[in-house]
Amino acid sequence: MWSDLDNQYDPSYTKQYYTEAKNWYDNEVKKQTLTVPFADGTGTASATYIAAPGSTKTIIYGQGWTTEPEWMGYISKIFYDMGYNVLMPYTRGQNSSDGEFLTFGYKDKQDWINWINKIDALNGKNSEVILYGQSLGADDALETAAQKSLPSSVKAVIADCGYSTVPSLLKSLYSGVATSLNNLTSKIGWQLNGSIPLVPYDQFLNAFNGINQLLQGFSLDDVSGISAVQNSTLPTLFIATADDTFIPDTETETMYHLSNSQFKQLWILQGNVGGHASANNAVLDYKKNIEAFLNAVESGKTPDSNQSDLKVDSDQRVAA
C-alpha cells in the first residue's frame, strides 16, 4: 500500500503509521464486541467498538464489500488519534453479522439507526456521531444520513469512494469482467467491445435485479447514493481517488454536485494512490483533510455550500 504511493503523499510516513497501527490494533487497544437487532427483526448485527478515554464523540465506520475487520481496525486508528470512539459494524451477510445477502444499504440504513441509538445510550446526552464509510460503507453512511428518523446526535458524513447507484456499481463489475475476457480473446483477434458474449449488460442487470427482488424484496432502483445525498442536509465530505478504476471518481463527483448538504466538500486525490478505497494510503493527507473538516463541523464555522470552489491545485482537487 505504500510501495507505489506517489512521493507527494509521503509513503515512508504511511509505512510507519500502518506498521504501528497494526500493532496497536492487534496487541494494544481494548476492543469490545457489541450487537444490535436488525431493524426488521430477522437477525443480529455485530460490531467491534473501541472507546477513546473520556470521549463522547464516535465515528461509525461502514464496512466495504469484502473489507476484512482487521483492516478496518488499522484504519480506525486515524479516528482514535483524533479523540473519537470507533464503532465498526459488520454489514448484513458479512463476518459476524447475521444475514445471507448484501442489501447495498437498503436494509443496513435502518440497522444503523439502532447502532446510533446504542452509541447514544453508551455516551449519554453529549453523544456526537459521525457517519463514515468506504465503498459500500460510504453508501451505508449516506443512506443512513437521509433517514427521517435520524437521531440529532449525528453531526456529519464522510463518504469515501461510494457509488451513485447500484446499476452504476454493477456496470463497473461487468466492465471489469468484460475487459479481462477481452484481454484473452483479443490474442486470437476476437474483440468483445466491452460486452460479455451472450450476456449483454442490460440482460445481466435485469436478471440480477429480478433475483434480488425475489430473494430480498426490493429493487435495485430503491437504493441510490444520488437520492440519499438529495435527501440529507448534513455536512458531508466526499472523497475519491483519480486512479480508482472500480468506482470511478466521477461517481463521487456526481453525488457531490447533487448533494443538498448545507456544507459539503469534495476531495479527489490525484496521481498514484492505490486504486479503489485507497485514499487512506495517503494517510498524512487523509488525517489532515478529515480533521480539518470535522473541526469545521464541530466549531460551527462551516462555509455556505453555495460558495464557489474553495481550493483547486495541481495535486489535489478540493472544492466546497
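Select Ser-168 in helix 5. Helices (H or I, at least four residues) and strands (E, at least two) are DSSP runs numbered from the N terminus. The model is predicted: local features need pLDDT of at least 70, side-chain atom pairs count only at pLDDT 80 or more, and totals for chains, interfaces and linings use all residues. Residues are numbered from 1 along each chain as its sequence is written, and side-chain values use heavy atoms, with hydrogens and water left out.

**Stop 1: Ser-168.** Ser-168 is buried, at 16% relative accessible area. Buried means under 20%, exposed over 50%, partly exposed in between (1.4 Å probe, protein chains only). Beyond its neighbours within four places in sequence, Ser-168 is in contact with Tyr-163 and Glu-251. Contact means heavy atoms within 4.5 Å.

Now show side chains. Those of Ser-168 and Glu-251 make a polar contact of 2.6 Å. A polar contact is a pair of N or O atoms within 3.5 Å; within protein, one must be able to donate a hydrogen and the other to accept it, and residues adjacent in sequence count only if both atoms are side-chain atoms.

**Stop 2: Ser-164.** Step back to the loop between strand 6 (154-160) and helix 5 (166-185), where Ser-164 sits. Is Ser-164 buried or exposed? Ser-164 is buried, with a relative accessible area of 7%. Its side chain makes polar contacts with the side chains of Ser-168, at 3.4 Å, and Glu-251, at 2.9 Å. Setting aside neighbours within four places in sequence, the contacts of Ser-164 are Ser-224, Gly-225, Ile-226, Glu-251 and Met-255.

**Stop 3: helices 1 and 2.** Select residues 11-28 (helix 1) and 69-80 (helix 2); their axes come within 9 Å and cross at roughly 110°. Axes are lines fitted to C-alpha atoms, for helices over the stretch in contact, and angles run from 0 to 180 degrees between N-to-C directions. The two helices are therefore roughly perpendicular, a label for angles of 65 to 115 degrees. Colour the meeting residues, including Tyr-17, Tyr-18 and Trp-24 in helix 1 and Trp-71, Tyr-74 and Ile-78 in helix 2.

**Zoom out.** The protein has 9 helices and 10 strands. Buried residues make up 54% of its 320 residues. Among contacts between residues at least 6 apart in sequence, 76% join residues at least 24 apart.

Methods: Angles under 35 degrees count as roughly parallel, over 145 as roughly antiparallel, 65 to 115 as roughly perpendicular and the rest as oblique.
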